[in-house]
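Here is a short briefing on the model shown below. Read it with the structure open.

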Amino acid sequence: MVTKQAAFRLWENDAPGATGICLTDIPRLTPYLPEPAHATGASIVVLPGGGYGGLADHEGEGYALWLAEHGIAAFVLQYRLGSAGYRHPVMLQDAARALRTIRAKAECWGVDPQRIGIMGSSAGGHLASTLLTHFEPGDPKAADLVERVSSRPDFGILCYAVITLGGNTHSGSRDNLLGENPAPELVELLSNEKQVTPQTPPCFVWHTSEDGAVPVENSIDFARALRANGVPFDLHVYQKGGHGMGLGTDGKGGLHPWAADCLFWLRENGFLKS
Amino acid sequence: MKPKRSLLAGLVAALLLPVAAFAQQKQDEFPLWKDGAPGALGTEPKDIPTLTPYLPDPAKATGAAIVICPGGAYGGLANHEGEGYAQWFADNGVAAFVLKYRLGSAGYRHPVMLQDAARALRTVRANAAQWQVDPGHIGVIGSSAGGHLASTLLTHFDAGNPASPDPIERVSSRPDLGILCYAVITLGENTHTGSKKNLLGDNPSPALVELLSNEKQVTAQTPPCFIWHTWEDKGVKVENSLAFAMALREKGVPFDLHVYQQGGHGMGLGKDGKGGLHPWTADCLFWLRQQGFVK
């Protein structure tokens with residue numbers, strides 16, 4: 001039995017840069033915990049997609065329940081959105097804070113601080129890829145204990161993700177993230193296929209070749225950058241299926257094969273050892 | 001003594017026969033050309049390209065067929081990428097035909113291997129009715145150097161010659177789909193040099209190297225492909241598969257591409273560590289179902 005807990009704020013006081021006190025100004029995490037007997041010690045921060053304008057439930061709770069069934073503690077992040085007037089770097093701050101929170105409080109949830117992944121779909125995938133390439137070490141002298149730990153995910157799972165903000169981008173997501181007429185340097189900085197280094201964590205990247213909203217080049221180019229930097233990855237391009245599939249279906253009562261491919265990759269990398 | 005033995009043997013056969021009739025069937029290997037292959041250098045087995053059919057249980061047959069090109073750097077033929085795959089295909093209702101193609105190690109060079117592969121595909125197509133196969137559902141699968149050969153057929157097929165006296169030569173050699181397993185694709189920078197040497201000899205012309213760097217030979221008519229490779233492959237770099245997929249993408253050809261992080265070169269059906277086959281097999285069956293090749 002998966003336990004869904006109450007959502008909690010990332011910052012007890014106002015989030016940095018908050019422009020109001022509505023729910024859309026308050027980034028929160030919702031934990032989905034596995035049955036203790038099945039817990040693997042792994043955890044994942046889940047970033048739903050929605051063009052940086054919304055948060056799709058099937059890419060949030062939908063994934064979290066599945067992950068928790070497989071012994072992975074899942075934390076769905078409600079990050080601040082362009083549609084609420086926010087722009088980069090607010091979303092990155094929310095994602096980094098979420099990861100730090102799990103790491104700093106790993107003991108509280110019984111998870112391993114060195115097996116915390118980030119998972120994102122579509123624009124949530126862009127945000128995940130941003131954290132995977134723009135993480136920072138913690139500040140050992142910070143008064144806030146959460147700020148003392150690194151924001152580097154131990155692995156990434158990217159589902160039909162927006163990666164680039166260049167030619168193959170999803171322009172709605174880009175507008176919501178950067179506003180109109182962003183500086184070229186900012187576009188480059190957040191075209192994450194250009195930001196990969198040998199320190200980028202290992203990734204599981206998947207996409208469909210028929211995706212009409214976010215071209216598959218996003219995932220292929222990210223994988224090529226990982227390859228060029230010696231970073232291990234799985235890349236899965238499934239021919240059929242439109243954008244936003246979520247867990248999907250195999251047409252025979254099961255999930256789309258990407259789900260099994262992902263679990264296989266997590267297992268073989270030792271992320272699911274208990 | 002003899003009559004009793006043959007009676008016993010007859011009894012055993014009579015008991016076994018009904019079971020065998022509902023099972024898979026491996027048929028005899030047969031030569032692609034009855035009167036000797038074009039360009040044959042001799043008459044030994046290494047000079048005689050053949051096909052070996054593995055037919056599915058008729059109750060499970062889907063009407064699809066596949067020609068299998070085992071790997072071995074154009075210098076050998078790996079069994080686990082030949083018969084190993086054939087039995088798995090037959091289990092899944094697909095009629096499989098393992099091609100023994102002529103090798104560089106026997107003194108052969110391009111275009112002999114392509115001729116053998118094209119002939120194999122034409123043979124299955126021209127005789128489709130005999131094997132209860134749909135002539136429009138014949139694929140090709142190749143691994144490693146066999147993958148190079150498969151990718152060559154996928155990009156260098158022809159329509160056949162309707163006026164040929166040989167009925168096999170009248171049909172197209174175009175596969176209806178391709179499955180490429182940790183394939184050599186390019187003969188350029190990321191190639192497998194041993195395979196290249198066996199295929200083209202020493203000092204091939206740049207034009208020939210280009211012609212058989214199949215990532216450069218894709219067109220909109222290239223059949224849909226399932227491509228897989230491992231990131232850790234040190235024998236044949238994953239760049240081969242990435243380049244082919246990108247070429248298919250550019251020309252609008254449908255494909256699946258799967259790079260699995262772990263596993264060295266030459267995995268074959270592989271394992272999932274839990275008593276089953278490597279997940280590439282499940283991904284491949286899922287795609288083949290979408291292509292109408294399996295149920």
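Helices are DSSP runs of H or I with at least four residues, numbered from the N terminus. By that count, A:Gln93 sits in helix 2 of chain A, which spans residues 90–104. The model is predicted. The predictor assigns the complex an ipTM of 0.96 and a pTM of 0.95.

**Chain A: overall build**
- Eight helices and nine strands make up the secondary-structure count of chain A.
- Chain A has 274 residues, for which a compact globule would have a radius of gyration near 19 Å; the computed value is 17 Å, which agrees.
- Along the principal axes, the C-alpha atoms of chain A fill a box of roughly 45 × 40 × 35 Å.
- Of the 274 residues in chain A, 52% count as buried.
- Take the contacts in chain A with a separation of 6 or more: 75% of them join residues 24 or more positions apart.

**A:Gln93 in its setting**
- Is A:Gln93 buried or exposed? A:Gln93 is buried, because 20 other C-beta atoms lie within 10 Å and the cut-off for buried is 20 or more.
- A:Gln93 and A:Thr133 are 40 residues apart along the chain, and their C-alpha atoms are separated by 13 Å.

**Chain B: confidence**
- Chain B has a mean pLDDT of 94. In chain B, 93% of residues reach 70 or more.
- Which residues of chain B have pLDDT under 50? Residues 17–21 stay under 50. For this stretch of chain B, the model has zero contacts beyond four places in sequence.

Notes. Residues numbered from 1 in each chain as written. Chains lettered and ligands numbered in written order. Predicted model: local features only at pLDDT ≥ 70, side-chain atom pairs only at ≥ 80, totals over all residues. Helix = DSSP H or I, 4+ residues; strand = E, 2+ residues; numbered from the N terminus. Buried ≥ 20, exposed ≤ 12 C-beta atoms within 10 Å, placed from the backbone. Rg over C-alpha atoms; globule rule 2.2 N^0.38 Å. Contact = placed C-beta atoms within 7 Å. pLDDT = per-residue confidence, 0-100.
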